[in-house]
Amino acid sequence: MKIDRQKMSEQDPLQRSTNFGEVNLGLQEKVALLEAERCLQCRDPKCVSGCPVMVNIPQFLELLSEGNLAAAAQSLLNDNALPSVTGRVCPQETQCEIECIRGNKGLPVAVGYLERFVGDWARGNREQVPMQVAAPTGRKVAVAGAGPGGLTAAGELARRGHDVTIFEALHKPGGVLVYGIPEFRLPKAIVEDEVARLQQAGVKIVCNTVIGRTYTIQELREQFDAVFIANGAGLPVFMNVPGENFKGVYSANEYLTRVNLMSAYQFPQADTPVLVGRRVATVGGGNVAMDAARTAKRIGAEASIIVYRRTRKEMPARAEEIHHAEQEGIDFEFLVAPVEVIGDEKRWVTGLKCVRMQLGAPDASGRARPEIIPGSEFVIPCDVVVVSIGTRANPLLTATCPEMKLNKWGNIVVDENGMTNLPGVFAGGDIVRGAATVILAMGDGKRAAAAMDEYLKTAPPLGSQTV
Amino acid sequence: MHEIIAKQGLSPNVTRLDVKAPRLAKIRQAGQFVIVHRAEGAERIPLTIADADPEKGTIALVIQAVGKSTRDLVAMEPGEFITGIAGPLGKPTELIEKGRALCVGGGVGTAVVHPIAQGLHRQGVSVHSIIGGRSKEWVIFEQELRQLGEVTVCTDDGSHGRKGFVTEAAKELLSAGGIDIVYAVGPVPMMRAVVNLTRPMGVHTIVSLNPVMVDGTGMCGGCRVTVDNQTFFACVDGPEFDGHLVDFEGLMDRLGTYREFEQRATHACESGQCKVGLH
């Protein structure tokens, strides 16, 4: 019997564009089991090598198809500390699923949906998948940043018996999972669950602690046997066009942080405000831009417009996010680039002046280079502009650690094990890569944790390190 | 969690809270600030560390109650706890090593001037402070600053010290010569007036900016200010900048972004819709 790829049920687009409830509603158990059966159990599974954390996909799918959920969950959790997160936010279509042999003739196995299903099952049945923690090694490890990279590394290190403390700059752990990715794509309760699981395994989390300010890396090195830096990317990039400081221009980071982390959509029940905007223009084509544009609609914008200088095909966002945004009535202005923010006499935003573009020869990234069409200026009327064109390295930590080697963009340089030029100090995620994805940060955390474990087997006892 | 150890009203709308924060008390430097997160659901508020006692492990926060968030904060009492205080953030003040410095403080800005004067005094720099307020009861940190050098008090109505604005007193002092640097913190119009005074005299002037902030670590970019025609983030590049290069109009304008929200929150608060006072 031929089984077709199962579909994920979704909240109705019109309804969901006015609420923060999750868009994807998950699979029923019998649907998940059916989908898992579609896995061909390849002897040389290409999907596994497509996964940045190398989840043994055929194994957990086989166990799932047999209805052995506890074993499937255990298998998945052994490879991926945050499956309920990655099952929701990973770009599966360019990682595991693009490698699936089923995709050659038809549709690939819905690995992402199944990962989410098993991850969620594990969250609801913790007692059946307890975290196995090795005997204490007596080694202390500090992790800077409680985002996906830091949480993953902390889990891996705790499992190996190390005494782990995570330092988080914000008042809540989760990093981009709580300040950036909106509730409708990743409910905060999931992040809270994952954090609680780590804490049960002995991981300590200290919030409101900014590494580079509250403690320097040198101070951490004096108190911990090893350090993992995963403090994220940081500083938002602006367009550098006139009018960018008018009232109503936000970075996507600020806009999303106000709404997600600070719950500004509940103002005045929550204390932090956000300018809602009647017409919101979001500049950029990544996942963050989709999140901002879809958030604008949810908090009450009549029109939410994505402004992107290339075409739909070149957009770096996940296919599903673009699709969901279209369904929710987000407008797209493709081949358009902003040249100026227009404001009224009181410097409130009234529009975004843009030019039309055409695609020329490919640039260094391999994508067609957009070129301005002369005389094509026009204005998109709007009262809020959200700039979502990337981030650059945050200098807070590295500025107080001058001996650490950085590249020309200010990102930390690491070797193949994730170690910086300072012995015992490792780094991963956006502070190393520039703006990347949740799963790449997790991959870095996982690899670095393994390398740190090796390092700790022979590392000098605490207090004897030198620079 | 940070326990409030002492509370003192400094002026009709300015309150000093001494809060337990041993690490911050030990390492803070002049000019640095913290982000205060009073409780779940509260705003994150940037506040300068006005003073610190490393032995007691406390820092002093000086809060002008202007909106709901600051009012909630000053409604707290000794023995209660602030959920989170992150810092010390921002670059420390560039302190001169010798010579004579003029510190100008207006309103609650005087509390920000205090740690700068402390730092200068510690270096052996001679400090003259000019501080002002509407009337006597609005003048703060006078006694503390007197321990660090000479102090001239100005009030709008002449009820204390000399009558008039701080800029007038500053002009006289600067005209007499011998001032190597000026540090000015206060309302934007005051800082702008001071830099307009010192610019033609060629006296280097540092101001401390207080734009809207969320995280305080460079992540949100909400605190961007224009200095020398370039955009800087006050939280990581400041909060202190060369006053002669600051775009004060832009700063003042952006500070007005949430004025309407503040009024709404205050209104909701006064009409009993908010949770303040119920816990």
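Strands are DSSP runs of E of at least two residues, and helices are runs of H or I of at least four, all numbered from the N terminus. Two strands pair if DSSP finds at least two bridges between them.

This is a predicted model, in which local features need pLDDT of at least 70 and side-chain atom pairs count only at pLDDT 80 or more, while totals for chains, interfaces and linings use all residues. Residues are numbered from 1 along each chain as its sequence is written, chains are lettered from A and ligands numbered from 1 in the order in which they are written, and side-chain values use heavy atoms, with hydrogens and water left out.

**Stop 1: the hairpins of chain A**

Select 336-343 and 349-362 of chain A. These are strands β9(A) and β10(A), paired antiparallel over 7 bridges. They make a hairpin with 5 residues between them. In the turn, pick R347(A): its phi is positive, about 65°. Now find P338(A), which stands opposite C354(A) in β10(A).

Stay on β10(A). P362(A) has A368(A) as its bridge partner. This hairpin also has 5 residues between its strands, and G366(A) takes a positive phi near 90°.

Step back to L335(A), in the loop between β8 (331-333) and β9 of chain A. Its phi is near 55°, a positive value in a residue other than glycine. Buried means under 20% relative accessible area, exposed over 50%, and partly exposed in between (1.4 Å probe, protein chains only). L335(A) has 23%, so it counts as partly exposed.

**Stop 2: the domains of chain A**

Color chain A by domain: domain 1 (13-128), domain 2 (140-234 + 392-458) and domain 3 (238-389). The bounds come from an automatic or database domain assignment.

Show domains 1 and 2. Their C-alpha centres lie 26 Å apart. Contact means heavy atoms within 4.5 Å. By that cut-off, 22 residues of domain 1 are in contact with 23 residues of domain 2. Buried area is the accessible area (1.4 Å probe) that two parts lose on being put together, summed over both. Here the two domains bury about 2,200 Å², 65% of it on carbon and sulfur atoms. On the domain 1 side, select L82(A), V89(A) and R126(A): they lose the most area to domain 2, together 24% of what that side buries.

**Stop 3: the cores**

A nonpolar core is a set of buried Ala, Val, Leu, Ile, Met, Phe, Trp, Tyr and Cys residues joined through side-chain atoms within 4.5 Å. Which residues touch the most other members of the largest core? Select L61(A), L64(A) and L114(A), out of its 80 residues. Then show helix α18 (438-458) of chain A, which gives the most to this core, 9 residues. Domain 1 and domain 2 of chain A each supply at least three residues.

Zoom in on L61(A). Beyond its neighbours within four places in sequence, L61(A) is in contact with A36(A), C39(A), Q41(A), V109(A) and L114(A). Q41(A) sits in the loop between α2 (29-37) and α3 (46-50) of chain A. Its phi is positive, near 55°, in a residue other than glycine. Q41(A) is partly exposed because its relative accessibility is 31%.

A second, separate core has 60 residues, including A303(A), C154(B), V166(B) and F248(B).

**Stop 4: where the chains meet**

Show both chains. The contact takes 48 residues from chain B and 42 from chain A. Together the chains bury about 3,600 Å², 54% of it on carbon and sulfur atoms. In chain B, select R23(B), M219(B) and R224(B), which lose the most area to chain A, together 18% of what that side buries.

**Stop 5: the sheet of chain B**

Here 7 strands form an open antiparallel sheet, in the order β6-β1-β2-β5-β4-β3-β7. β6 (81-82) and β7 (84-89) stand at the edges, each with a single partner strand, so one side of each lacks a neighbour in the sheet. Inside the sheet, select β2 (14-20) and β5 (58-64), paired antiparallel over 7 bridges. V19(B) has I59(B) as its bridge partner.

Finish on β7(B), where P88(B) is placed. A cis peptide bond joins G87(B) and P88(B), with omega about -5°. Another cis bond runs from G238(B) to P239(B), with omega near 10°. P239(B) lies in the loop between α7 (234-237) and β16 (240-242) of chain B.
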